[in-house]
Amino acid sequence: LAIGLAIGSTNALAFNVIGAGVGSCGTWTADRRNPQGTLANLDGQWVLGFLSGVGWIASGVLWIGPEGIDPMGGLDADAVWAWIDNFCRANPLVTIMNAAESFYYAHPR
């Protein structure tokens with residue numbers, strides 16, 4: 001993942017995505033109609049875990065890209081989810097992982 005993000009596309013490196021990230025943004029949007037519901041929580045926690053993982057990898061020796069990457073720096077979960085909400089409404093056919101990846105590119109901090 002780290003190498004893929006550093007290069008600019010996760011397509012450059014094959015890795016297995018498991019969990020809510022494989023669902024579509026259309027699913028995200030439907031699940032978020034009940035933001036306190038179990039499905040919205042699962043989707044949201046998957047995104048936070050993905051972005052936390054990017055930040056963790058970027059802080060260690062495995063990272064090839066620039067130092068100091070913290071995609072959620074200064075933001076809380078609600079801000080991240082609101083950004084993903086807007087992205088997914090505009091892009092219902094992409095995956096939740098693609099939405100999280102797009103968030104990273106928009107917030108590389």
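Is W83 buried, partly exposed or exposed? With a relative accessible area of 24%, W83 is partly exposed, where buried stands for under 20% relative accessible area, exposed for over 50%, and partly exposed for values in between (1.4 Å probe, protein chains only). The model examined here is predicted, so local features need pLDDT of at least 70 and side-chain atom pairs count only at pLDDT 80 or more, while totals for chains, interfaces and linings use all residues. Residues are numbered from 1 along each chain as its sequence is written, and side-chain values use heavy atoms, with hydrogens and water left out.

We can start with the overall fold. The chain contains five helices and zero strands, giving the pattern α-α-α-α-α along the sequence; helices (H or I, at least four residues) and strands (E, at least two) are DSSP runs, numbered from the N terminus. Of the 109 residues in the chain, 39% are buried.

Buried positions in helix 3 include A40, D43, G44, L48 and V54.

The largest nonpolar core has 22 residues, and W28, W46, V47, F50, L51, V80 and I84 touch the most other members. Such a core is a set of buried Ala, Val, Leu, Ile, Met, Phe, Trp, Tyr and Cys residues joined through side-chain atoms within 4.5 Å. Two or more residues each come from helix 2 (25-31), helix 3 (38-58), helix 4 (77-90) and helix 5 (96-106), with helix 3 giving the largest share, seven residues. In soluble globular proteins, nonpolar side chains tend to be buried together. Leaving aside neighbours within four places in sequence, V47 contacts W28, V80, I84, I96 and A100.

Four aromatic pairs are found in the whole structure, a pair being rings of Phe, Tyr and Trp (its six-membered ring) with centres within 6.5 Å, called stacked when the planes are under 30 degrees apart, edge-to-face when over 60 and tilted for the rest. W46 and F50 are stacked, at 5.4 Å centre to centre and 20° between the planes. Both lie in helix 3, four residues apart, about one turn of the helix. W46 counts as buried at 17% relative accessibility, as does F50 at 9%. W83 and F103, in turn, form an edge-to-face pair, with 5.3 Å between centres and 85° between planes. Since W83 lies in helix 4 and F103 in helix 5, this pair ties together parts 20 residues apart in sequence. F103 is buried, with a relative accessible area of 1%. Ring pairs link W83, F87 and F103 into a cluster.

Helix 4 also holds D85, a buried residue with a relative accessible area of 14%. Not counting residues up to four places away in sequence, D85 touches W28 and R32. The side chains of D85 and R32 are joined by a polar contact of 2.9 Å, meaning a pair of N or O atoms within 3.5 Å; within protein, one must be able to donate a hydrogen and the other to accept it, and residues adjacent in sequence count only if both atoms are side-chain atoms.

Notes:
Contact means heavy atoms within 4.5 Å.
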